[in-house]
Amino acid sequence: TLFTFRRGKMQVVLMAINQLLLIDGMTAIAAAIPLLAGIGAGVGMGIAVGKSVEGIARQPEAEGKIRSTLMIGLAFIETTVIYGLSISILLLFNVAG
């Protein structure tokens with residue numbers, strides 16, 4: 001514990017406060033970890049769009065197929081971000097609150 005200067009009720013209260021702060025801090029860290037999916041998704045979307053532009057530049061006649069495949073892929077990537085956001089919100093409001 002942080003505060004151990006006094007015995008008795010004060011020490012118990014300070015230990016409880018330290019425990020609550022530790023739980024809140026760990027909850028914030030646990031809620032931030034799923035949001036890292038947003039970083040990966042942003043990088044993945046950038047790479048996917050760049051490669052699709054390269055593919056369309058090489059074969060303009062395949063634009064429709066490339067675009068539809070790109071949109072499906074971007075939807076899957078965005079779904080992982082939404083899952084990460086929902087897990088973070090659930091952790092923050094259910095565990096901490």
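Me: What share of the residues counts as buried?
Reply: A residue is buried when its relative accessible area is under 20%. The protein has 97 residues. The share of them that counts as buried is 13%.

Me: How many helices and how many strands are there, and in what order do the elements run?
Reply: The secondary structure comes to 3 helices and 0 strands. Read from the N terminus on, the order of the elements is α-α-α.

Me: Which helix has the lowest mean pLDDT, and which the highest?
Reply: Over the protein, the mean pLDDT is 82, and 75% of the residues reach 70 or more. Where pLDDT is low, the predicted coordinates should not be read in detail. Among the elements, the lowest mean, 71, belongs to helix α1 (residues 9–32), and the highest, 93, to helix α2 (residues 36–58).

Me: Which residues form the nonpolar patch on the surface, and which element gives the largest share?
Reply: The patch is formed by Leu22, Met26, Ile29, Ile33, Leu36, Ile39, Val43 and Ile47, with about 800 Å² of accessible area together. Two or more of its residues come from each of α1 and α2. Ile29, for one, lies in helix α1. The largest share, 4 residues, comes from α2.

Me: Where is the salt bridge, and what is its N to O distance?
Reply: A search of the whole structure finds 1 salt bridge. The side chains of Arg67 and Glu63 meet at an N to O distance of 2.4 Å.

Me: Why do Arg67 and Glu63 count as partly exposed?
Reply: Partly exposed residues fall between the buried limit of 20% and the exposed limit of 50%. Glu63 is partly exposed because its relative accessible area is 31%. Arg67 is partly exposed because its relative accessibility is 44%.

Me: Is Ser52 buried or exposed?
Reply: Ser52 is placed in helix α2. Its relative accessible area is 8%, and the limit for a buried residue is under 20%. Ser52 is therefore buried.

Me: Which backbone oxygen lies 2.8 Å from a polar side-chain atom of Ser52, and which residues does Ser52 touch?
Reply: The distance of 2.8 Å runs from a polar atom of the Ser52 side chain to the backbone oxygen of Val49. Not counting residues up to four places away in sequence, Ser52 touches Ile66 and Leu70.

Me: Which residues is Ile77 in contact with, leaving aside neighbours within four places in sequence?
Reply: Ile77 lies in helix α3 and is partly exposed, at 22% relative accessibility. Ile77 and Gly40 are 37 residues apart in sequence, while their C-alpha atoms are 9.1 Å apart in space. With those neighbours left aside, Ile77 is in contact with Ala41, Gly44 and Met45.

Me: What percentage of the contacts with a separation of 6 or more joins residues 24 or more positions apart?
Reply: The count takes in contacts in the protein with a separation of 6 or more. Residues 24 or more positions apart account for 64%.

Methods
Residues numbered from 1 in each chain as written. Predicted model: local features only at pLDDT ≥ 70, side-chain atom pairs only at ≥ 80, totals over all residues. Heavy atoms only, no water. Salt bridge = Lys/Arg side-chain N within 4 Å of Asp/Glu carboxyl O. Buried < 20%, exposed > 50% of the residue type's maximum accessible area, 1.4 Å probe, protein only. pLDDT = per-residue confidence, 0-100. Patch = residues over 30% accessible without salt bridge, like charges linked within 9 Å, V, L, I, M, F, W, Y side chains within 5 Å. Areas by Shrake-Rupley, 256 points an atom, 1.4 Å probe, with all protein chains shown as cover. Polar contact = N/O pair within 3.5 Å; in protein donor to acceptor, adjacent residues only side chain to side chain. Contact = heavy atoms within 4.5 Å.
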